[in-house]
Amino acid sequence: MEWNYYDTFITVAPDCPAETGTKPPDKKSGKTKPGIEFELLENHPYVYTQEELLFEVHIRHKNIPEAELAERREQIREEFFRKPQPCLRASMLPKKYGWGLHFNAKGQIAIVPVESPDYHRFVEGANGKVKLLAAMRNKKK
């Protein structure tokens, strides 16, 4: 199954409360899934595809040890993708924290703060053939 977007920009949700791109807070027990997504995308723009990001977040969120990954990475990955996974339109980054998600022609992702000129260029169509999709709403109408 194909999990990735290509030449696509996911805008913030229509009911996103953030007016600026905001770093998701950590919990006392550690990083949240949105916090891990943010950290990976902020530090590595245009490195991860959606599929790679979903799996990397899973690994870090579940604290799967390196030794276990070295031994059974493909098995863990197969088990993870056997279950339906929400796409990044359901991520809290565009739903709650004010980040647009740009997927380039290779499907690699970068985060774009809602208040930035780049965000507005994507939304206005100035970046060419990029398909626009809105993040999922936080609440049903």
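Helix H2 passes helix H3 in a right-handed crossing, as seen in this predicted model. Two packed helices are described by the angle between their axes and the distance between the axes. Here, the axes of H2 (residues 50–61) and H3 (residues 66–82) come within 11 Å and cross at roughly 115 degrees.

Now look at where the two helices touch. From H2 come Glu 51, Leu 54, Phe 55, Glu 56, His 58 and Ile 59, and they meet Leu 69, Arg 73, Ile 76, Arg 77, Phe 80 and Phe 81 of H3. Sorted by class, this contact has 7 nonpolar, 1 polar and 4 charged residues.

Let's pick out Phe 81, which lies in H3. Is Phe 81 buried or exposed? Phe 81 counts as buried because its relative accessible area is 15%, under the 20% cut-off. Leaving aside residues up to four places away in sequence, Phe 81 touches Trp 3, Glu 51, Leu 54 and Phe 55.

Charged residues are worth a visit too. In H2, Arg 60 and Glu 56 sit 4 residues apart, about one turn of the helix. These two form a salt bridge, with their closest N and O atoms 2.8 Å apart. Glu 56 is buried, at 15% relative accessibility, whereas Arg 60 is partly exposed, at 35%. In H3, Glu 68 and Arg 72 are also separated by about one helical turn, because they are 4 residues apart, and their side chains meet in a salt bridge (3.0 Å, N to O).

Finally, zoom out. The whole structure has 10 salt bridges, and a network of them links Asp 26, Lys 31, Glu 39, Glu 56, Arg 60 and Arg 73.

Notes. Residues are numbered from 1 along each chain as its sequence is written. This is a predicted model: local features need pLDDT of at least 70, side-chain atom pairs count only at pLDDT 80 or more; totals for chains, interfaces and linings use all residues. Side-chain values use heavy atoms; hydrogens and water are left out. Axes are lines fitted to C-alpha atoms, for helices over the stretch in contact, and angles run from 0 to 180 degrees between N-to-C directions. A crossing is left-handed if the near helix is turned anticlockwise from the far one by less than a right angle, and right-handed if clockwise. Contact means heavy atoms within 4.5 Å. Ala, Val, Leu, Ile, Met, Phe, Trp, Tyr, Cys and Pro count as nonpolar, Asp, Glu, Lys and Arg as charged, and the others, Gly among them, as polar. Buried means under 20% relative accessible area, exposed over 50%, partly exposed in between (1.4 Å probe, protein chains only). A salt bridge is a side-chain nitrogen of Lys or Arg within 4 Å of a carboxyl oxygen of Asp or Glu.
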